[in-house]
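Dear colleague,

I am passing on the structure we spoke about, and I would be grateful if you could look it over alongside the notes below.

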Amino acid sequence: QVQLVESGGGLVQAGGSLRLSCAASGRTFSSYAMGWFRQAPGKEREFVARISWSGSSTYYGDSVKGRFTISRDNAKNSVYLQMNSLKPEDTAVYYCVADLAGGRTQNQYHYWGQGTQVTVSS
């Protein structure tokens, strides 16, 4: 069982940066692939980023590639999303996710956090 709690969301101007954090409970955190999804009002949930259990492999959704960076610290049971060059279209609720072999689709992740709101003003 893994519980996920996101933090770090907020309001930022376009071009700014935010760093999201996700704290995970559970002794097997280091065994899980971790990721982030987001959902904007009226839109479908979108894949943002994913990192392997060791941190050696990462990949990103096309809309955030080159601007966002996912990382993890297994000693702290935490995963992070550094978001730079933010755009108004990045406005969404961001969800932290975990699973043993998660990929790019949301049905590959069994564990979800409650979400944190990110709002980017123009």
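This is a predicted model: local features need pLDDT of at least 70, side-chain atom pairs count only at pLDDT 80 or more; totals for chains, interfaces and linings use all residues.

I begin with strand β1, which covers residues 4-7 and has a covered face made up of Leu 4 and Glu 6, while Val 5 and Ser 7 lie on the uncovered face. This strand pairs with β3, residues 18-24, in the antiparallel sense and over four bridges, and within β3 the residue that stands opposite Glu 6 is Cys 22.

The next residue to look at is Thr 91, which is placed in the loop between β8 (78-83) and β9 (92-99). Thr 91 is counted as buried because its relative accessible area is 19%, and the cut-off for buried is under 20%. The side chain of Thr 91 reaches the backbone oxygen of Pro 88 at 2.9 Å, and a polar atom of that side chain also lies 2.9 Å from the backbone nitrogen of Val 120. Leaving aside residues up to four places away in sequence, Thr 91 touches Ala 40, Gln 117, Val 118, Thr 119 and Val 120.

Lastly, Pro 41 is found in the loop between β4 (33-39) and β5 (46-51). Is Pro 41 buried or exposed? Its relative accessibility is 73%, so Pro 41 counts as exposed, given that the cut-off for exposed is over 50%. Although Pro 41 and Ala 92 are 51 residues apart in sequence, their C-alpha atoms are 7.0 Å apart in space.

Conventions:
Residues are numbered from 1 along each chain as its sequence is written. Side-chain values use heavy atoms; hydrogens and water are left out. Buried means under 20% relative accessible area, exposed over 50%, partly exposed in between (1.4 Å probe, protein chains only). Helices (H or I, at least four residues) and strands (E, at least two) are DSSP runs, numbered from the N terminus. Two strands pair if DSSP finds at least two bridges between them. A polar contact is a pair of N or O atoms within 3.5 Å; within protein, one must be able to donate a hydrogen and the other to accept it, and residues adjacent in sequence count only if both atoms are side-chain atoms. Contact means heavy atoms within 4.5 Å.
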